[in-house]
Amino acid sequence: MRTNPRARTSSLLATPWLGSSILAFGLALRLYHYARNPALWHDEAANVINILGKSFAGLLGPLRGWATGPPLFLWLQKCVTLGLGDSTYALRLLSVLASCAGLLLFVWLARRLLAPAGACAALLLAACSDRLLWHAAEARHYSSDFLIATALLLAFSLASRWAVARRAFLFALLAPLVIFSAYPGVFLCGGLCLALAPELWRKRRWWAALGLGATVALAFVAFYFITIRVQRAPEVDAAWVQTFPDWQRPWTVPFWILRSSVGVVDYSSRPIGGLLLLPVVLGGVFFWRTAKRELVLFLVGPLFLALCAGLVKAYPYTGARTMVFAMPAVFLLVGGGVDALLRWRPGRPWIRTSALVLIAIPILATCGFALFRVAVPWPRAATAEASAYVLANRQADEPVTANHWEYEYYFRHLGAAFAPELSRLASPENTSRVWVVVTGHDGTTRAAVIASFPKWRTLKRHEFARTSVLLMVPR
């Protein structure tokens with residue numbers, strides 16, 4: 001008797017070892033990038049100097065370096081440094097643990113909601129996502145955004161058989177914790193409200209709907225006035241202004257919506273993840289037609305709310321770290337698209353095969369890119385190496401100055417001997433020799449910075465990746 005090839009493939013994908021192997025691979029990638037201890041980068045350093053330099057109350061904002069972060073995450077980071085010290089390993093510990101925990105929960109979630117083939121596709125994307133691996137090895141809150149979004153989806157799935165009022169009560173209890181732990185937590189909680197609203201309306205559970213909506217609204221208002229308003233800075237707004245639609249040319253807005261949506265999917269699954277937008281749409285249709293309409297509303301609802309916020313220029317809906325919270329939904333929808341194609345029986349089987357191949361290409365590219373980053377890590381300025389060189393070669397009385405926030409961390413033990421923002425070069429009269437560290441994207445940029453201080457001449461110069469170290473004296 002001949003075996004159906006599709007059944008044989010499904011049987012292979014359903015084997016427990018395959019999912020466990022993908023999980024182990026994803027965890028190994030995260031721990032590898034954490035263990036190799038990359039140098040701090042600019043925005044990460046801004047977060048670090050606030051963690052180390054401010055009290056718990058001060059971390060509510062405003063923050064130095066235009067940094068932003070949800071208060072509960074910043075407080076947890078502060079607690080870790082108080083207990084384990086201020087090494088980069090301690091500062092990044094919370095992120096790598098959140099990333100690993102998020103992947104573990106996502107395995108559970110994918111197996112609950114998807115058939116073996118779709119679960120395999122979703123797990124590969126989650127395990128190998130280039131941006132998730134990056135965020136696992138930086139002292140910022142984006143890994144916890146992924147964890148919180150995954151945990152909420154899992155809780156939503158596990159509680160799907162509960163009475164709707166009971167579910168509304170559960171998520172009303174969780175809403176303040178979610179909103180104060182993640183900047184996009186309001187979108188996730190809004191998605192919960194959208195998902196539960198039809199059944200709450202149908203069963204006339206007005207008090208439950210009112211309680212859930214009021215809790216989310218009050219938690220967000222409190223979060224806005226306690227944190228968002230005081231952390232918001234013109235420099236942060238300027239950094240995102242190019243991501244917003246151009247309402248002076250309204251005919252370009254539909255194209256902006258499409259381009260931004262492609263960017264969100266692409267950020268989840270680089271280098272060519274934008275090709276997965278169609279499987280994402282197909283997965284949503286598949287879940288809707290298989291009576292998982294509440295799930296579709298919760299998967300799509302936060303994305304829709306973020307899109308609305310982007311349209312009014314209140315939140316960057318684009319292919320960037322601000323949309324990490326959408327990754328679990330994107331991965332599940334891609335998995336649903338794979339399952340839909342495997343169930344489809346077209347008159348010409350090659351059509352389905354071609355569609356599956358087209359989906360497999362960006363998924364395999366994501367996995368290949370993850371392996372590439374093991375061999376060739378993300379390019380960064382060698383701030384740690386340059387700082388170590390200065391500390392090893394300076395005399396005890398020689399001051400140090402630098403132009404980036406990273407060096408406030410690396411030279412934190414020098415005390416008054418370190419001056420940030422190249423301020424030591426402003427007054428050469430009372431200085432004999434000074435170590436200068438200049439970080440810039442290219443040599444021309446660094447040379448221009450150095451040339452802006454004509455009263456100094458260089459005795460010694462050493463080059464690192466995107467960084468120049470100079471020993472200078474007054475002319």
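**Helix packing and aromatic pairs**

Helix H8 (residues 142-158) packs against helix H16 (residues 327-343) at an angle of about 55 degrees, and their axes are 8 Å apart. H8 is therefore oblique to H16, a term for angles that are not under 35 degrees (roughly parallel), over 145 (roughly antiparallel) or 65 to 115 (roughly perpendicular). Phe146, Ala149, Thr150 and Leu153 of H8 make the contact with Met327, Pro328, Ala329, Phe331 and Leu332 of H16, where contact means heavy atoms within 4.5 Å.

This is a predicted model, in which local features need pLDDT of at least 70 and side-chain atom pairs count only at pLDDT 80 or more, while totals for chains, interfaces and linings use all residues. Residues are numbered from 1 along each chain as its sequence is written, and side-chain values use heavy atoms, leaving out hydrogens and water.

H16 also packs with helix H17 (residues 349-375), at an angle of about 160 degrees and with the axes 10 Å apart. H16 and H17 are therefore roughly antiparallel to each other. Here Val334, Val338, Leu341 and Leu342 in H16 meet Arg352, Ala355, Leu356, Ile359 and Ile363 in H17.

The structure also holds 22 aromatic pairs, counted where ring centres of Phe, Tyr and Trp (its six-membered ring) lie within 6.5 Å. Trp256 and Tyr317 form a tilted pair, 6.2 Å centre to centre with 55 degrees between the planes; planes under 30 degrees apart count as stacked, over 60 as edge-to-face and the rest as tilted. Because Trp256 lies in helix H13 (residues 253-268) and Tyr317 in the loop between helix H15 (293-311) and H16, the pair ties together parts that are 61 residues apart in sequence.

Technical notes. Axes are lines fitted to C-alpha atoms, for helices over the stretch in contact, and angles run from 0 to 180 degrees between N-to-C directions. Helices (H or I, at least four residues) and strands (E, at least two) are DSSP runs, numbered from the N terminus.
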